[in-house]
Amino acid sequence: MTDPLDIASEREQLLRDIALEQQRRSAGLTGMTVEDSASVCENDDCGAAIPQLRRAAMPGCRFCIDCQQRRELEKR
């Protein structure tokens with residue numbers, strides 16, 4: 001018999017993976033690798049290091065989380 005918590009955890013992971021893939025597609029990052037990511041934020045006013053975990057989660061990223069959030073808010 002499968003534990004309900006294991007089932008919930010697997011479902012949560014699946015939904016998280018789907019959401020990340022949708023984000024990659026909408027950002028034009030599909031098919032990119034960690035090596036395609038910038039190691040430091042490309043915003044002229046920032047230059048902060050981009051953590052390895054972010055680069056792995058969003059291959060091809062060019063901005064730190066704070067700068068990316070600002071860019072997304074400005075688009076709205």
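Here are some questions and answers about this predicted model.

Q: Which helix has the highest confidence in the chain?
A: Happy to start there, since this is a predicted model. Across the chain the average pLDDT is 85, and 87% of the residues score at least 70. Among the helices, confidence is lowest in α1, with a mean of 86, and the highest value, 91, belongs to α3.

Q: What pattern does the chain follow along the sequence?
A: The chain has three helices and zero strands. Helix α1 covers residues 4-26, while α2 spans 52-57 and α3 spans 65-75. Read in order, the pattern is α-α-α.

Q: What percentage of the contacts with a separation of 6 or more joins residues 24 or more positions apart?
A: Contacts here are heavy atoms within 4.5 Å. Counting those with a separation of 6 or more, the share from residues 24 or more positions apart is 36%.

Q: Which residue meets E12 in a salt bridge?
A: Side chains of opposite charge can pair when their charged atoms come close. The N to O distance is 3.0 Å, and the partner is R16.

Q: Which residue pairs with R62 in a salt bridge?
A: A search of the whole structure finds two salt bridges, and one of them involves R62, with an N to O distance of 3.5 Å. This pair links distant parts of the chain, 20 residues apart: R62 sits in the loop between α2 and α3, and its partner in the loop between α1 and α2.

Q: Which residues form a nonpolar patch on the surface?
A: One member, I18, is placed in helix α1. At 40% relative accessibility I18 is partly exposed, and a patch takes residues with over 30%, so I18 passes that cut-off. Together the members have about 260 Å² of accessible area, and they are L14, L15 and I18.

Q: How many disulfides does the structure hold?
A: A disulfide needs two cysteine sulfur atoms within 2.5 Å. The sulfur of C64 has its closest cysteine sulfur in C67, 3.5 Å away, so that pair is too far for a bond. The number of disulfides in the structure is zero.

Q: Which cysteine has the sulfur nearest to that of C61?
A: C61 is buried, at 5% relative accessibility, and C64 is buried too, at 9%. C61 is in no disulfide, and the nearest cysteine sulfur is 9.3 Å away, in C41.

Technical notes:
Residues are numbered from 1 along each chain as its sequence is written. This is a predicted model: local features need pLDDT of at least 70, side-chain atom pairs count only at pLDDT 80 or more; totals for chains, interfaces and linings use all residues. Side-chain values use heavy atoms; hydrogens and water are left out. Helices (H or I, at least four residues) and strands (E, at least two) are DSSP runs, numbered from the N terminus. A salt bridge is a side-chain nitrogen of Lys or Arg within 4 Å of a carboxyl oxygen of Asp or Glu. Patches are made of residues with over 30% relative accessible area and no salt bridge: like charges are joined within 9 Å, nonpolar side chains (Val, Leu, Ile, Met, Phe, Trp, Tyr) within 5 Å. Accessible areas come from the Shrake-Rupley method with a 1.4 Å probe; for residues, only the protein chains shown count as cover. Buried means under 20% relative accessible area, exposed over 50%, partly exposed in between (1.4 Å probe, protein chains only). pLDDT is the predictor's confidence in each residue, from 0 to 100.
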